[in-house]
Amino acid sequence: MAKTFDAVIVGGGHNGLVTAAYLAGGGLDVLVLERRPYVGGACVTEEPWPGYKVSTAAYVLSLLRREVVRDLDLKKHGLVVYPQDPPYFQPYPDGRSLMIWNDYTKTRAEIAKFSRHDAEVYEEYERTLNRLAEFVEPLLMMTPPDPASRRLRDLFGLLKVGRMARRLKEDLYEEVAILSMSAKDFLDSWFESEELKALLCGQAVIGTFAGPRTPGTAYVLFHHVMGEVDGMRGCWGVVRGGMGQVSECIAAEARRRGVTIRCDAPVERILVEGGKATGVVIRGGEEVRARAVVSNADPNVTFLKLLDSKRELPAAFTRKVEHFRAQGSSVKVNYALGELPDFTALRGSAPGPQHAGTIDICPSLDYMERAYDEAKYGSWSSQPFLEAVIPTVYDDSIAPKGRHIMSVFCQFAPYDLKQGTWDTEKEKFGDRVTEILTRHAPNFAASVLHRQVISPLDLERDFALTHGNIFQGDMTLDQLFFMRPIPGFADYRTPLRGLYMCGACTHPGGGVMGAAGHNAAREILRDFRAGSFR
Ligand SMILES: Cc1cc2nc3c(=O)[nH]c(=O)nc-3n(C[C@H](O)[C@H](O)[C@H](O)COP(=O)(O)OP(=O)(O)OC[C@H]3O[C@@H](n4cnc5c(N)ncnc54)[C@H](O)[C@@H]3O)c2cc1C
């Protein structure tokens with residue numbers, strides 16, 4: 001008789017691995033099945049060109065929960081994160097630039113080039129966001145209570161959230177505003193300089209099919225300032241060895257706790273018997289039996305591809321899954337460079353602060369809005385918003401000596417194109433990105449040794465991200481907290497007994513956070529201990 005695992009996890013993304021490690025820590029016998037040749041999902045390092053270790057998808061770290069880092073001993077397993085300093089550099093085509101430093105005095109002087117008022121209020125803006133983040137942080141690690149339920153657990157959960165909200169006092173108004181406002185309205189309420197607003201707005205649309213004037217984008221901005229590196233809130237960092245190192249460290253701890261991890265093992269079907277998930281079938285026909293199945297994949301893959309939804313799920317639930325929004329919006333362009341960009345706005349191709357921060361190309365909110373407008377009507381943006389990071393400025397282990405890697409995250413790129421397909425368009429998009437960067441750093445085009453363009457279609461094909469949505473589903477108010485992924489099923493359980501979810505499509509959503517994986521494990525262990533697995 002083949003062995004029956006306590007839990008089989010479909011997908012070895014970082015969240016699937018986190019769930020596996022916590023479940024094994026709770027005494028469960030766990031198997032992880034990953035369809036790709038390596039673990040990590042979108043949090044991965046690959047070697048597209050010999051000698052270059054590229055963070056193919058996710059490229060900077062901040063949101064990873066400190067509880068996960070601590071509980072899974074990630075530092076002991078070799079996780080090293082270099083905080084970015086300065087965090088941001090924005091060159092403008094007319095030769096001016098704006099640098100945001102970790103030091104307020106230096107930042108104030110930079111912002112004052114554009115507005116005295118903004119220079120004065122910037123520190124207060126950051127303080128306010130930090131205070132709000134302190135309120136939201138505990139919510140990230142809790143199972144969202146269902147306000148429509150009468151279960152005691154949900155009622156207590158709601159009470160807890162209410163108590164926390166009361167502690168915010170008048171900041172509560174700002175919190176509610178952030179949830180519902182557009183990034184532009186929110187930033188307008190603080191600042192007058194277009195340059196500063198354009199720089200801050202990048203975080204509001206990352207991974208989101210929305211422009212700065214779209215209601216709800218202020219929350220996306222906030223979501224991206226909730227993390228920290230080494231206790232510095234809002235700070236982002238470069239991971240030594242590439243982002244895959246995060247996943248490898250989690251996998252190492254999972255293995256140490258007894259988890260079996262199999263790569264090149266695509267799950268084709270979730271087995272259902274007597275209204276309960278009882279295992280999976282791997283491509284080729286191998287069956288694996290388990291008391292619980294945990295999906296790290298998105299709702300579309302989990303419910304519509306791996307299950308016979310008509311037979312195995314309630315029709316009303318399936319309808320909601322079909323309408324769960326997961327829109328592609330981004331292209332990632334990875335470069336290998338012979339030398340660093342020599343920006344007209346701040347000269348020099350020896351490593352300098354202009355190379356150490358996240359480099360944003362977005363001169364104004366209108367530029368960003370126009371980029372979105374084109375995508376809204378089915379074309380890729382001819383003047384896209386770009387966010388570039390050069391990890392080799394910090395990490396000498398990922399490229400040959402003297403060479404550099406540059407990750408460029410670009411928007412907007414709709415999954416469905418009015419003309420052509422992503423297979424015919426993506427290199428044209430890549431050429432446009434090279435052209436824009438060369439406009440700001442004239443040596444750029446000539447410095448390119450290799451280029452990799454990853455379209456929304458590639459994200460879907462290679463990473464199983466439906467429509468190339470980088471967060472396994474839009475991060476809009478209607479798909480957050482107790483609404484994520486499906487209202488009534490935000491507690492990591494599903495209508496099918498024995499089937500759980502643990503990926504970014506669940507609360508608290510996208511980003512390399514480990515929170516969804518952590519929370520899912522807590523709920524699964526609760527059921528296991530209550531004996532409801534059998
Ligand atoms: C281009 C891009 C850039 C990003 N940049 C950043 C960033 O800089 N910082 C940040 O914090 N976040 C970033 N993100 C978001 C972040 O990477 C994701 O939200 C996060 O990695 C999701 O992790 P996950 O484990 O929940 O899911 P995923 O990473 O989606 O993992 C799911 C796993 O399930 C596997 N799978 C799916 N179906 C099956 C099947 N049938 N059988 C077996 N395995 C299966 C997949 O192959 C995958 O490995 C980015 C994402 C993308 C795509």
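A residue is taken to be near a molecule when one of its heavy atoms lies within 4 Å of it. In this predicted model, local features need pLDDT of at least 70 and side-chain atom pairs count only at pLDDT 80 or more, while totals for chains, interfaces and linings use all residues. Residues are numbered from 1 along each chain as its sequence is written, and side-chain values use heavy atoms, with hydrogens and water left out.

By that criterion, 37 residues surround the ligand, and the closest are E34, V60, A504, G511 and V512. The shell comprises 23 nonpolar, 11 polar and three charged residues, where Ala, Val, Leu, Ile, Met, Phe, Trp, Tyr, Cys and Pro count as nonpolar, Asp, Glu, Lys and Arg as charged, and the others, Gly among them, as polar. At least two shell residues come from each of α1 (14-25) and α18 (456-463); helices are DSSP runs of H or I with at least four residues, numbered from the N terminus.

Turning to individual atoms, a polar side-chain atom of N15 is found 2.8 Å from a ligand oxygen atom. Backbone N or O atoms also take part: one of A42 lies 2.9 Å from an oxygen atom of the ligand, and one of V267 lies 2.9 Å from a ligand nitrogen atom. Of the 1,000 Å² of accessible area (Shrake-Rupley method, 1.4 Å probe) that the ligand has on its own, the protein covers 96%.

Definitions and conventions
A polar contact is a pair of N or O atoms within 3.5 Å; within protein, one must be able to donate a hydrogen and the other to accept it, and residues adjacent in sequence count only if both atoms are side-chain atoms.
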